[in-house]
Amino acid sequence: MAILRYVMYMDILFYTFFFILLMWILISIVVWSYKTGISPMPTAPAVNKALFANISFLNLTEGKIYELGAGWGTLAFPLAREYPSHKIIGYEISFFPYVYCLIRQHFSHLRNLQFSRQNFFHPSLKDAALVVCYLYPGAMRKLKEKFEKELKPGSHVISNTFAIPGWTPYDTWIANDLYQTKIYVYRIPGSMPLKKTLAK
């Protein structure tokens with residue numbers, strides 16, 4: 001009888017701990033989603049398929065590949081396998097998705113892949129060959145200025161769903177999903193609007 005009570009007690013303790021941990025994870029994700037303006041949503045399989053069916057045609061220059069808002073790594077890991085000679089850096093500020101990516105990276109043995117927990121508006125993108133993002137309209141407006149200041153000629157930007165305001169896509173890929181999701185592809189400087197000069 002004592003053993004049965006002990007087992008029941010341990011079961012209750014385990015499920016209580018599991019529930020508290022789950023709530024902690026959910027609350028953490030909600031808090032960081034509120035702070036950043038977007039939740040760490042994984043890239044949909046149909047979008048991944050469309051992206052990797054076309055990405056080889058970009059003829060990337062030398063440099064690093066950045067994912068701004070790496071989430072759970074559903075895009076960063078395939079990118080690391082697709083481009084073993086490029087350094088892949090995924091920025092993710094939400095704690096649990098970031099930790100998940102670190103654990104997954106440890107077991108994946110992808111030496112060209114790195115995750116960093118910081119605000120992606122801060123580090124420079126001057127050495128980028130490609131920037132990939134799945135964010136929201138407000139972030140794309142803010143990133144536009146950063147891209148125009150930092151990205152070198154010949155580099156590319158790929159944005160899932162949300163276009164860069166005022167820029168003309170070099171190409172647009174369509175995912176074979178319910179929403180016919182658009183993937184906007186930009187090439188620097190061709191996609192950027194011409195800067196107006198004052199007449200003398």
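These legends walk through a few views of one predicted chain.

The structure is a predicted model in which local features need pLDDT of at least 70 and side-chain atom pairs count only at pLDDT 80 or more, while totals for chains, interfaces and linings use all residues. Residues are numbered from 1 along each chain as its sequence is written, and side-chain values use heavy atoms, with hydrogens and water left out.

Figure 1. Let us start with the overall layout. Read from the N terminus, the order is α-α-β-α-β-α-β-β-α-β-β-β. Of the 200 residues, 40% count as buried, where buried means under 20% relative accessible area, exposed over 50%, and partly exposed in between (1.4 Å probe, protein chains only). Among contacts with a separation of 6 or more, 67% join residues 24 or more positions apart, a contact being heavy atoms within 4.5 Å.

**Figure 2. The salt bridge of Lys64 and Asp127.** Side chains of opposite charge can pair when their charged atoms come close. A salt bridge is a side-chain nitrogen of Lys or Arg within 4 Å of a carboxyl oxygen of Asp or Glu, and the chain has 3 of them. In this view, the side chains of Lys64 and Asp127 meet at 3.3 Å, N to O. Lys64 belongs to strand E1 (residues 64-68) and Asp127 to the loop between strand E3 (113-116) and strand E4 (128-133), so the pair ties together parts that are 63 residues apart in sequence. Lys64 is partly exposed, at 30% relative accessible area, and Asp127 is partly exposed, at 30%.

**Figure 3. Lys149 and Glu145 in helix H5.** Here a salt bridge of 3.2 Å, N to O, links the two side chains. Lys149 and Glu145 sit 4 residues apart in helix H5 (residues 137-150), so about one helical turn separates them. Lys149 is exposed, with 62% relative accessibility, whereas Glu145 is partly exposed at 47%.

**Figure 4. Glu150 and Lys146 in helix H5.** The side chains of Glu150 and Lys146 form a salt bridge of 3.1 Å, N to O. This pair is also 4 residues apart, about one helical turn. Glu150 is buried at 19% relative accessible area, and Lys146 is buried at 8%.

Definitions and conventions
Helices (H or I, at least four residues) and strands (E, at least two) are DSSP runs, numbered from the N terminus.
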